[in-house]
Amino acid sequence: IAQKALAEEMVSTIHGPEALKEALKITQAFFLGNVKDLSAEEIEDVLSSVKKEVEEGIDILSLLVTLGAASSKTEARTFVKQNGVSVNGEKVSDPSAVYTEENALHGKYLILKRGKKNNYLGILK
C-alpha cells in the first residue's frame with residue numbers, strides 16, 4: 001500500500017493531478033479487463049511499443065503468432081484451449097474466431113492479452 005501511495009504521489013508531483021487520474025484509469029482498465037473504456041489515444045499511448053498492423057479478417061491463431069504472443073499456431077491453439085487468451089477484454093475459447101473492424105475497438109484496435117501480463121496491440125489495416 002505504501003508503494004502505491006508513493007507512486008501516486010510521484011506521478012502527481014511530476015506530471016500533475018490530471019496525469020495521475022489518466023494513469024489510474026488506464027491501470028484499472030488493464031487490470032480489470034475493461035479495455036473497452038479506453039480512448040483510441042490511450043490505447044496507442046500505452047501499447048505503442050507492442051503494436052503491429054494485421055489484416056482484417058485475421059483469425060485468433062494467426063493473430064497470436066503475428067503479434068509474437070505465440071511461436072506457432074500449435075502453441076497458439078494450446079493457449080486458446082487453456083483459456084489463456086482474451087481480445088478486447090473478452091476471453092477467447094474458439095480457435096477459429098475471426099476479427100474484423102466490427103469487433104475491434106474504435107473500428108481498428110485488437111488488444112490481445114495472453115496470460116496475466118502479456119499485452120499486444122493489433123491494428124487492422
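1. Pocket terms. On a 1 Å grid over the protein atoms alone, a pocket is an open set of points with protein on both sides within 12 Å along at least five of seven lines, and its lining residues have an atom within 4 Å of a point. Grid points are joined across faces, edges and corners, and a volume is the space filled by probe spheres set on the points.

2. Basis. The model is predicted: local features need pLDDT of at least 70 and side-chain atom pairs count only at pLDDT 80 or more, while totals for chains, interfaces and linings use all residues. Residues are numbered from 1 along each chain as its sequence is written, and side-chain values use heavy atoms, with hydrogens and water left out.

3. Largest pocket. Its volume is about 220 Å³. The lining has 16 residues, and those closest to the centre are Phe 30, Gly 33, Ser 86, Gly 89 and Lys 113. H2, E3 and E6 are the elements that give two or more residues to this lining; helices (H or I, at least four residues) and strands (E, at least two) are DSSP runs, numbered from the N terminus. H2 gives the most, with 4 residues. By type, the lining divides into 7 nonpolar, 7 polar and 2 charged residues. Here Ala, Val, Leu, Ile, Met, Phe, Trp, Tyr, Cys and Pro count as nonpolar, Asp, Glu, Lys and Arg as charged, and the others, Gly among them, as polar.

4. Second largest pocket. This one holds about 170 Å³ of space. Its lining consists of Lys 4, Ala 7, Glu 8, Val 11, Leu 20, Ala 23, Leu 24, Thr 27 and Gln 28. Helix H1 (2-15) and H2 are the elements that each give two or more residues, and H2 again gives the most, with 5 residues. The lining splits into 5 nonpolar, 2 polar and 2 charged residues.

5. Sheet. An open sheet is formed by 5 strands in the order E1-E7-E6-E3-E4, with mixed pairing; two strands pair if DSSP finds at least two bridges between them. Strand E1 (51-54) and strand E4 (90-91) are the edge strands, each pairing on one side only. Strand E3 (residues 85-87) runs antiparallel to strand E6 (residues 109-114), over 3 bridges, and Val 85 has Arg 114 as its bridge partner in E6. E6 is also joined to strand E7 (residues 118-124), antiparallel, by 6 bridges. On that side Arg 114 stands opposite Asn 118. The hairpin of E6 and E7 has 3 residues between the strands, and Gly 115 there takes a positive phi near 75 degrees.

6. Lys 36. This residue is in the loop between helix H2 (17-32) and helix H3 (40-47). Lys 36 counts as partly exposed because its relative accessibility is 46% (buried means under 20% relative accessible area, exposed over 50%, partly exposed in between; 1.4 Å probe, protein chains only). Leaving aside neighbours within four places in sequence, Lys 36 is in contact (heavy atoms within 4.5 Å) with Asn 88, Glu 90 and Leu 105. The side chains of Lys 36 and Glu 90 are joined by a polar contact of 2.4 Å. A polar contact is a pair of N or O atoms within 3.5 Å; within protein, one must be able to donate a hydrogen and the other to accept it, and residues adjacent in sequence count only if both atoms are side-chain atoms.

7. Glu 42. Glu 42 lies in helix H3 and is buried, at 8% relative accessible area. Its side chain reaches the backbone nitrogen of Ser 39 at 2.9 Å. Beyond four places in sequence, Glu 42 is in contact with Glu 22, Lys 25, Ile 26 and Asp 37.

Terms used: 1 Å grid on protein atoms, 1.4 Å probe; cavity = no way out; pocket = protein on both sides within 12 Å on 5 of 7 lines; lining within 4 Å.
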